[in-house]
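Here is a short briefing to read alongside the model. Please keep the sequence and the 3D view open as you go.

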Amino acid sequence: MNKLVIADPGKCIGCRTCELACALAHSPADAIATLSPASFIPRLKVVKTAKISTPVQCRQCDDAPCAAVCPTGTLVKGANSVEVIPSRCIGCKSCMIACSFGVIEVLPCELLHSDRPYTGTTHVEAVKCDLCESRGAGPACIEVCPTKAIHIVDSAVMAMTALKRREHSAAMLVIGGTDAYLSHADN
Amino acid sequence: MAEKVLTVCPYCGSGCKLNLVVENGSIIGAEPANGVTNEGELCLKGYYGWDFLNDTKLLTPRLKKPLLRVNRNAEFKEVSWQEAIHFAATRLMEIKQKYGPDSIMLTGSSRGPGNEANYVMQKFARAVVGTNNVDCCARVCHAPSVAGLQATLGNGAMSNSIGEIEETKCILVFGYNAADSHPIVARRIIKAKEKGAKIIVCDPRFIETARIADLYLPIKNGSNMAIVNAFANVLIEEELYDKDYVARYTEGFEQYKAVVAKYTPEYVERIAGVPAAQIRQAMHMYAAAPTATLLWGMGVTQWGQGVNVVKGLAGLALLTGNLGHPNCGVGPVRGQNNVQGACDVGVLPNTFPGYQKVTDPEARARFAKAWGVAELPAHVGHCLTEVPHLVEEGKLKAYYIFGEDPAQSEPDLAAFREAMGKLELVIVQDIFMNKTAMFADLILPATSWGEHEGIYSSADRGFQRFNKAIEPKGDVKPDWEIIGLLATAMGYPMNYKNTEEIWNELRELCPLFYGATYEKLDGLGYVQWPCPTTDHPGTTYLYKDNKFDTPSGKGIFVATDWIPPHEPTDEQYPLVLCTVREVGHYSARTMTGNCRALQTLADEPGYVQINSLDARKSGIEDQKLLWISSRRGKVMVRALVTDRANLGAVYMTYQWWIGACNELTGGHHDPISKTPEYKYTAVKLERIEDQAAAESRLQKDYGELRARHAAAIG
Amino acid sequence: MTTITLNGQTHEVPQGITVLEAARRAAVDIPTLCHHEALGSYGACRVCVVEAEGPALRRGLVAACTLPVSDGLVVITESPDVQRTRKILFELLLGRSPDSESLRAMAKRYGVHSTRFGAGAEHDLCVRCGLCVRTCKEKIGTAAISFAGRGQGRNVTTEFGALSELCIGCGSCAAVCPTGMIRLEDGAGERAIVRQDLTIARFALLTCTSCSAPVITQKFMDQRLQALPEGQSEVLCLDCKRQRTAATAGSFPNIWS
């Protein structure tokens, strides 16, 4: 199972510290001196609906629709995530349309790599959460979130959840008998 | 080689400790430190709010040299410190001579300068100028809390500590948006919830804390006093209050009960717009909890009845015995990083350092003796918010503004500007060229946070040392040194060697702070006053053994009738404007506006939060520019259409210079605390058809504003 | 594995790759214009020219993108000959497209600030690199545009120069174009793919089912999402997708209590 970075909306306070950390972690080292709205490209975006605040980012789908529709093999299954090989991107945006979560974008290279001179080929790149795999301390968003709302989830965590839920269901059965189980299942 | 300098964040009152990473004399980053309140966390301001020290000039340029101009239409000229001090001293003495010392107003600074500089300023005001006209931005913030709590419990500060919020069993959040004001306090609220605490939120807006609340009361804007009285009513009528506690440790219960008697939940339903059952449920929850904490903010204080609502809230804590032990209490969470400190060291018109009253002859004599003057002014001085009126009445002639931006943060800015124009002398001491500095005759450039050291007081009375990380650039001086030079030039020699000397002088005069030595505050040291002796560790919670700091030693109940907000809405101005904070910028934005990362996230003209139905009625679309106007002014702002805003009310943050909400607000204030009613102004929205023209006008105006500030420096 | 010498240093590289790829792996800079990782080698622009010599190859200037590595191959990427040739190539390109900012920036990097060619000749932004044509044919599979004509008359066009029935409006041609000759123009709910005076295709854009913002063309939805199961064909703009993701985030397993 791919790992993924995801937030607990119950702890998000919508401060956007994660967005800044993400954008800066994917920018040249001195980006704090040159950052602008145009070059500010976080891979996660804080969304505030009427009832929920949470950052939204790539789920690293194990059967990723973005990778399935990509005509050039830009999106590939990596060891832990769906990885991007930016030099292969032709900017068709099939990935953007296919992704139901809205967490992958195709953006111009001159914004993404302001420190790199134009090399004549790749103009655009698919951009999404990369689990900060090349960052020593791991995901930047997780590190800076003041309420520790963001987590990295792997198969061990998922297995633990499934176990807890089974235990909970079993307990429900014992307490209420079959009726309780049926009414619980209806809900 | 990078060096790490331990210091305290200069933004909000959470008092987060952080390390500034310094390389080759410049700051290159910030990392969290394991401070008592922040426990290794920071928000985006702590992480990315330091690059203004590199003089980015994103918003305004850094002040680097004293600037003087012959009149308000002339250009500023760079002058030497000698000339600047000479001018200031001469003019101040002239005005004092001609109009009396009370014709001069001075401010303290609740942000970067620190306690020592503020102490020196109030000493200057009192011993050198001879006036108690010294005030700080608590005036527009928690002054009602200070006044209300001093009257009922005897101490105007948070009764318990920020860390205790995590352990309480019930948090009643009233008119307080922790997520935007104090992320590190929001963290504690979330942790409390994780540990099983009940969360009750009273707020017209669906704030972040409301999302996780067990009970959310969407009270109507302006119904605070009614709701608080109804809460008291429920506790008393349903006999949920601690009778024993009330009998033993309080006074005034019978009158209190009589006043709140008519505020039944059914009666208040109409005023507050929440069902009676919910009002009752809130008190059932609050009273049933083994420990319960009240947290409040500007939603309580920035009203014409702010002081009385605070007294009412204190009453709820007294009724339920939620005082005098850990994990409970009353929490007016102080906004700015050193507003608590500014109050602590007496930058207030009615108190000396350590909350000793200026009207107390004994205190006056003691301070006069320590400061080597025959006597000190005996009557309470004027407040910041009274300045426009006083100027109109011809009572104020000079204004010495230090580390404060009233041209941004005062209400009814048009009136403020008019008043500034009429002053004979305006001296501004600051780090950036800001809107207030544009009114000055003389500008004194000071060192910034990061370039000097000292002590801040956090929101829960915690003293912490902050340190110098880099050398200041330009011909600037630390605030206390500037004031010292001025005092000396006016005939009162003041030659402190360093901040520790100032602090030690202060300690000798303040029994409450005596034990908080520089040594104790080394490193991650955290001492919450009262700290009476050097071997005392500080006080995490107040009123131990239910001994209150009132004259009788008992908690005092005070209830008042609800009065509606001052400025009515009508057909022409049908919506209510309430001013609020945003998390990514701080206050008047002179610092964060010059921080690249923070500016990238949010820039002019700022947003007005509008409910979707109200937006539709006025033809306003999300993200589009619009005009918003009140009976006083009109500004351009961008729409944020969200159903988190309640019907009939709109919300703007006060950080913006173009989308300046204080052009719209009015000066009606609480009669006791003089805190303006920022939370209720009648406004209307106007759709802008030609968005392209509006966007380019916005850019043009913004550019011109920045250019004017840059040009002023030359 | 194969051993080559690149600028005096030996490198062991996999068999079958090109000299250009070998150089990229070794972080050696060779400029390219018509090359794209996703498309096959093309060798049209010659900007990647290098000096190469090997047991089976006489020393000379060769396009690195089409030269396979072989044992004993010696490659020099910055010899005086290479630099001179490269400069002339950039001058020729600029002679055709003096108004292309990206081309000028690239040329400047390699020391070319002006050109002595092309005065009085026809200028346009198209350097005939073929990236648009190859992308449309090889990757999108549509071949809505293609080269036509020869020599000076060589041009990129649609079938008979008319509005293309085949184009799906993905805009990949505009995305890969190095000079900005082909542009994607969205406005008033419509999309146009334009190559200077030629409109390649025009579409009405499908709108977001939530907020009515224009999103994408019907043909794109029909053709680009064939690899997906049914039910993933709802048209939503990026913002509304994110809003919906956030709204359902509340029900994501609360696994960290």
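Two strands pair if DSSP finds at least two bridges between them. Helices (H or I, at least four residues) and strands (E, at least two) are DSSP runs, numbered from the N terminus. With that in hand, Ile4(C) stands opposite Leu73(C) in E5(C).

This is a predicted model, in which local features need pLDDT of at least 70 and side-chain atom pairs count only at pLDDT 80 or more, while totals for chains, interfaces and linings use all residues. Residues are numbered from 1 along each chain as its sequence is written, and chains are lettered from A and ligands numbered from 1 in the order in which they are written.

**A sheet in chain C**

- Strand E1 (residues 2-6) and strand E5 (residues 73-76) of chain C run parallel and are joined by three bridges.
- Five strands of chain C form an open sheet with mixed pairing, in the order E2-E1-E5-E3-E4.
- Strand E2 (9-13) and strand E4 (57-63) of chain C each have a single partner strand, so at these edges one side of each is left without a neighbour in the sheet.
- On average, neighbouring strands of this sheet are turned by 25° against each other, direction ignored.
- Helix H2 (residues 80-96) of chain C packs on the sheet and touches strand E3 (49-54), E4 and E5 of chain C. Contact here means that the C-beta atoms of two residues, placed from the backbone, lie within 7 Å.
- The direction of H2 makes about 145° with that of E3(C); axes are lines fitted to C-alpha atoms, for helices over the stretch in contact, and angles run from 0 to 180 degrees between N-to-C directions.

**Chain C as a whole**

- Chain C has seven helices and 12 strands.
- The C-alpha atoms of chain C fill a box of roughly 65 × 60 × 30 Å along the principal axes.
- Among contacts in chain C between residues at least 6 apart in sequence, 52% link residues at least 24 apart.

**Where chains A and B meet**

- Chain B puts 25 residues into the contact, and chain A puts in 21 residues.
- On the chain B side, helix H1 (44-48), helix H6 (183-194), helix H7 (208-211) and helix H22 (596-601) each supply at least two residues.
- H6(B) gives the most to this side, with five residues.
- By class, the side of chain B that touches chain A has 14 nonpolar, three polar and eight charged residues (Ala, Val, Leu, Ile, Met, Phe, Trp, Tyr, Cys and Pro count as nonpolar, Asp, Glu, Lys and Arg as charged, and the others, Gly among them, as polar).

**Domains of chain B**

- Chain B is divided into domain 1 (3-54), domain 2 (67-134 + 337-532), domain 3 (143-333 + 550-556) and domain 4 (575-713), with bounds from an automatic or database domain assignment.
- The C-alpha centres of domain 2 and domain 4 of chain B lie 30 Å apart.
- In chain B, 19 residues of domain 2 are in contact with 21 residues of domain 4.
- H19(B) gives the most to the domain 2 side of this contact, with three residues.

**A closer look at Ala437(B)**

- Ala437(B) is in the loop between strand E15 (425-430) and strand E16 (442-445) of chain B.
- Ala437(B) is buried, with 27 other C-beta atoms within 10 Å (buried means 20 or more, exposed 12 or fewer, and partly exposed in between, with C-beta atoms placed from the backbone).
- Not counting residues up to four places away in sequence, Ala437(B) touches Val428(B), Asp430(B) and Ile443(B).
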